[in-house]
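Work through these exercises with the model open beside you. Try each task before you read its solution.

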Amino acid sequence: MAASMEENRKYLTKLDSEIGDGDHGNNMRRGFAAALERLEGTSPSSPADVLKAVSMALIGKVGGAAGPLYGTAFLRAATVLSGDEVSPEDAASALEAALGGVKQRGKAEVGDKTIVDALTPAVEAAKEVAGSPEATVAAVFRAAAEAAAVGAESTVPLTARKGRASYLGERAQGHRDPGATSTQLLLDAAARSLEG
Ligand code: ADP
Ligand code: MG
Ligand code: MG
């Protein structure tokens, strides 16, 4: 995820300069670099501890809307995991919990041109795959990433109802939401690393 945020920093910043304040790429790069640094300096004892460490780094290092939202997402995901193993069902539940946290914190619904537009279909796809007998955690994240990509693309024609882009009214139409796009990229990075 940190590598993807580094790689896509300019792209996310370009999207945010069209309908926001042009800092999303830098925010995400800084947050995930801090998460990586935090993980390298400690030895987390469980998957939940890894997610908690990432959450703390994001909340601590990312100003703006995305830091607290993604920080809450990772923290909520941590709360549903226990023990050392993550099953496909656990992975889908963690994504669902992450979405619940983002919605509770940001009060956005599908169609508001936010992270929720990518994460909601991602959770639906993840749950569907997790329920199949041959499911793997990699397959859960691959399905989530693909659905998030469609969700992020669906934000293009929308007017924003949350975040800075909402100040633009109809002028936000025709632009892809930066946060929905970073969600797609994060899930794709997770899927690629699991497929590795
Ligand atoms: P800021 O807008 O404070 O500069 P960022 O640029 O890092 O923060 O993040 C902007 C992204 O945050 C938006 O593209 C949108 O996807 C997401 N966002 C903003 N407000 C909300 C919200 N209430 N719920 C979900 N996502 C939101
Ligand atoms: Mg911004
Ligand atoms: Mg900002």
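**Exercise 1.** Which element gives the most to the shell around ligand 1?

*Solution.* This is a predicted model: local features need pLDDT of at least 70, side-chain atom pairs count only at pLDDT 80 or more, and totals for chains, interfaces and linings use all residues. Residues are numbered from 1 along each chain as its sequence is written, while chains are lettered from A and ligands numbered from 1 in the order in which they are written.

Step 1: α9 gives the most to the shell, with three residues. Helices here are DSSP runs (H or I, at least four residues), numbered from the N terminus.

Step 2: the shell around ligand 1 has 24 residues, and G64, G106, T114, G163 and G179 come nearest. Near means a C-beta atom, placed from the backbone, within 6 Å.

Step 3: α3 (24-41), α5, α6, α7 (115-130) and α9 (178-195) each give two or more residues to this shell.

**Exercise 2.** At roughly what angle do the axes of α5 and α6 cross?

*Solution.* Step 1: the axes of α5 (residues 66-80) and α6 (residues 88-106) cross at roughly 140° and come within 7 Å. Axes are lines fitted to C-alpha atoms over the stretch in contact, and angles run from 0 to 180 degrees between N-to-C directions.

Step 2: α5 is therefore oblique to α6. Angles under 35 degrees count as roughly parallel, over 145 as roughly antiparallel, 65 to 115 as roughly perpendicular and the rest as oblique.

**Exercise 3.** Is α7 roughly parallel or roughly antiparallel to α8?

*Solution.* Step 1: the axes of α7 and α8 (residues 137-153) cross at roughly 150° and come within 7 Å. Step 2: so α7 is roughly antiparallel to α8.
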